[in-house]
Amino acid sequence: MDAAQAALDNYDFERATAAYRLAIRCSKGQIDTISAFTLFLEENLADYEEIAELLSSPSIDLSRHINLKKKYAHALFHVGFREAKPHYIDILQTEKDALVLSRLAAIEMDDGDFLKAKEKLESSVRMAPSDTEAQALLAQCTQTLALNAAELMLQAQGAFESGDLEAARLACELAANTR
């Protein structure tokens, strides 16, 4: 690890990467060494593919190391987006985390599930009020829900004017449920 730090101090990222890999092999996968390497990969190289590959190793028990589990899920979010969803859901069963909530909400918004996303984003913003990413996603989600409700009300009005009262009622119910 000293060699990795020395290389990092000299901004020699290639040598630091090699030194971290060697340190992991020599430590037989010690969690502290893996954590240091993933931190280096994230902060200095933004190499989410390597983080995901490293942490997908069956020899690393992510269920025992929540911080590594989060790093793995975040790496998947950057690399494959949807692949992170089950990992975020699993993490939230153990602990509430604002970033996990907001990233899961982003995936749900992409899936078109704006109501679930809004609920998660409101929780995320309550937990981390200064998180501008979550605030922006919440604003976008709320706007989309309002537009959907307005569209449904127009459909309800059209159905009512054409005499289809059941369709009008259903559109109004859907509009009410988007808020």
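# Helices, side-chain contacts and burial in a predicted model

Glu-166 and Arg-169 are three residues apart in helix α10 (residues 165-176), so about one helical turn separates them. Helices (H or I, at least four residues) and strands (E, at least two) are DSSP runs, numbered from the N terminus. The model is predicted: local features need pLDDT of at least 70 and side-chain atom pairs count only at pLDDT 80 or more, whereas totals for chains, interfaces and linings use all residues. Residues are numbered from 1 along each chain as its sequence is written, and side-chain values use heavy atoms, with hydrogens and water left out.

**Salt bridges**

- A search of the whole structure finds 14 salt bridges, each being a side-chain nitrogen of Lys or Arg within 4 Å of a carboxyl oxygen of Asp or Glu.
- Elsewhere, salt bridges that share partners join Arg-82, Lys-85, Asp-110 and Asp-111 into one network.
- The relative accessible area is 42% for Glu-166, 38% for Arg-169 and 39% for Glu-173. Glu-166 counts as partly exposed, as does Arg-169 and likewise Glu-173; buried means under 20% relative accessible area, exposed over 50%, and partly exposed in between (1.4 Å probe, protein chains only).
- A further bridge links the side chains of Lys-116 and Asp-113 at 3.9 Å, N to O. Lys-116 is partly exposed at 46% relative accessible area, and Asp-113 is partly exposed at 30%.

**Helix α6 and its packing**

- Tyr-88, Ile-91 and Leu-92 are buried in α6. Seen down the axis of α6, the buried residues fall within an arc of 100°, so they line one face of the helix; the arc is that of the directions from the helix axis to the C-beta atoms.
- Pro-86, Gln-93 and Thr-94 are exposed on the other side of α6.
- The buried residues of α6 pack against α5 and α7, where contact means heavy atoms within 4.5 Å.

- Asp-97 is placed in the loop between α6 (85-94) and α7 (98-111), and is buried at 17% relative accessible area.
- The side chains of Asp-97 and Lys-70 are joined by a polar contact of 2.9 Å. Such a contact is a pair of N or O atoms within 3.5 Å; within protein, one must be able to donate a hydrogen and the other to accept it, and residues adjacent in sequence count only if both atoms are side-chain atoms.
- A polar atom of the Asp-97 side chain also lies 3.0 Å from the backbone nitrogen of Leu-99.
- Leaving aside neighbours within four places in sequence, Asp-97 is in contact with Lys-70, Leu-92 and Met-127. Leu-92 is one of the buried residues of α6.

- Ala-46, a residue other than glycine, has a positive phi near 50°. Ala-46 is found in the loop between α3 (31-45) and α4 (48-55) and is partly exposed, with a relative accessible area of 43%.
- Phe-81 is not a glycine, yet has a positive phi of about 55°. Phe-81 is in the loop between α5 (66-80) and α6 and counts as partly exposed at 27% relative accessibility.

**Aromatic pairs**

- The structure holds seven aromatic pairs. In one of them, the rings of Tyr-11 and Phe-13 have centres 6.4 Å apart and planes at 85°, so the pair is edge-to-face.
- Rings of Phe, Tyr and Trp (its six-membered ring) pair if their centres lie within 6.5 Å; planes under 30 degrees apart count as stacked, over 60 as edge-to-face and the rest as tilted.
- Tyr-11 is exposed at 64% relative accessible area, whereas Phe-13 is partly exposed at 26%.
- One aromatic cluster is formed by Tyr-11, Phe-13, Tyr-20, Phe-37 and Phe-40.

**Cysteines**

- Zero disulfides are found in a search of the whole structure, a disulfide being a pair of cysteine sulfur atoms within 2.5 Å.
- Cys-26 is exposed at 60% relative accessibility, while Cys-141 is buried at 0%.
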